Every structure is written in C-alpha cells, then in structure tokens.
Amino acid sequence: MLVSEIKEVIKEYPEEDLRLLIVELYKAMPQKKMRPRGETRERIRQMHSRKSAFKKGMGMLL
C-alpha cells in the first residue's frame, strides 16, 4: 500500500482510533528485524518536535 493510499484511508479516523492503530501496527512488526533499540522512540520524538515547531511557525504567520 502506498503512503498516499494510507493517508486517504485514515483521513476520517478519530484520533483515539489512530492511537490504537499505531500501537497495533508496532506490535505486529517483527522486533528482531527492527532498527536498533531506542531508534523507533527517537524517531517518534523527532516527528513530534518537528510538528510542534511547524505549528508554532504557522501561528506566527497568522
């Protein structure tokens, strides 16, 4: 499935369903083939900080 297709499918999902979906997808990943321990956590933190910075920047423009 392409990223654009996933975005289209989840567009209407409520936030609580998306949270559950993320957890279930993570649990379904084969852990031994994952990236080194802690890298997933760091990627989530980076995404959150980038999104927060973007929202703050957009607030300054409005």
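A salt bridge is a side-chain nitrogen of Lys or Arg within 4 Å of a carboxyl oxygen of Asp or Glu. The legends below describe a predicted model.

**Figure 1. Salt bridge between Glu-24 and Lys-27 in helix α2**. The side chains of Glu-24 and Lys-27 meet with an N to O distance of 3.2 Å. The two residues are 3 positions apart in helix α2, about one helical turn. An α-helix has 3.6 residues a turn, so residues three or four places apart point the same way. Glu-24 is partly exposed, at a relative accessible area of 39%, whereas Lys-27 is exposed, at 55%.

**Figure 2. Salt bridge between Arg-19 and Glu-15**. The closest N and O atoms of this pair are 2.5 Å apart. Both residues belong to helix α2 and are 4 residues apart, about one turn of the helix. Glu-15 has a relative accessible area of 53% and is therefore exposed. Arg-19, at 49%, counts as partly exposed, because the exposed class requires over 50%.

**Figure 3. Salt bridge between Lys-11 and Glu-8**. The side chains of Lys-11 and Glu-8 meet at 2.9 Å, N to O. In total, the protein has 3 salt bridges.

**Figure 4. Nonpolar patch on the surface**. The patch is formed by Met-1, Ile-6, Val-9, Tyr-13, Leu-21 and Leu-25, which together have about 580 Å² of accessible area. Helices α1 and α2 are the elements that each give two or more residues to the patch. Tyr-13 lies in the loop between α1 and α2 and is partly exposed, with a relative accessible area of 38%.

**Figure 5. Helix α2, residues 15–28**. This helix has 14 residues and reaches 20 Å from its first C-alpha to its last, close to the 20 Å expected at 1.5 Å a residue. The number of its residues that are buried is 0, so helix α2 lies largely in the open.

**Figure 6. Arrangement of the elements and confidence of the model**. The protein contains 3 helices and 0 strands, in the order α-α-α from the N terminus. Of its 62 residues, 0% count as buried. The accessible surface comes to about 6400 Å², and 61% of this belongs to carbon and sulfur atoms. The mean pLDDT is 78, with 73% of residues at 70 or more. Confidence is highest in helix α1 (residues 3–10), at a mean of 91, and lowest in helix α3 (residues 39–61), at 70.

Note on methods. Residues numbered from 1 in each chain as written. Predicted model: local features only at pLDDT ≥ 70, side-chain atom pairs only at ≥ 80, totals over all residues. Heavy atoms only, no water. pLDDT = per-residue confidence, 0-100. Buried < 20%, exposed > 50% of the residue type's maximum accessible area, 1.4 Å probe, protein only. Areas by Shrake-Rupley, 256 points an atom, 1.4 Å probe, with all protein chains shown as cover. Patch = residues over 30% accessible without salt bridge, like charges linked within 9 Å, V, L, I, M, F, W, Y side chains within 5 Å. Expected span 1.5 Å × (residues − 1).
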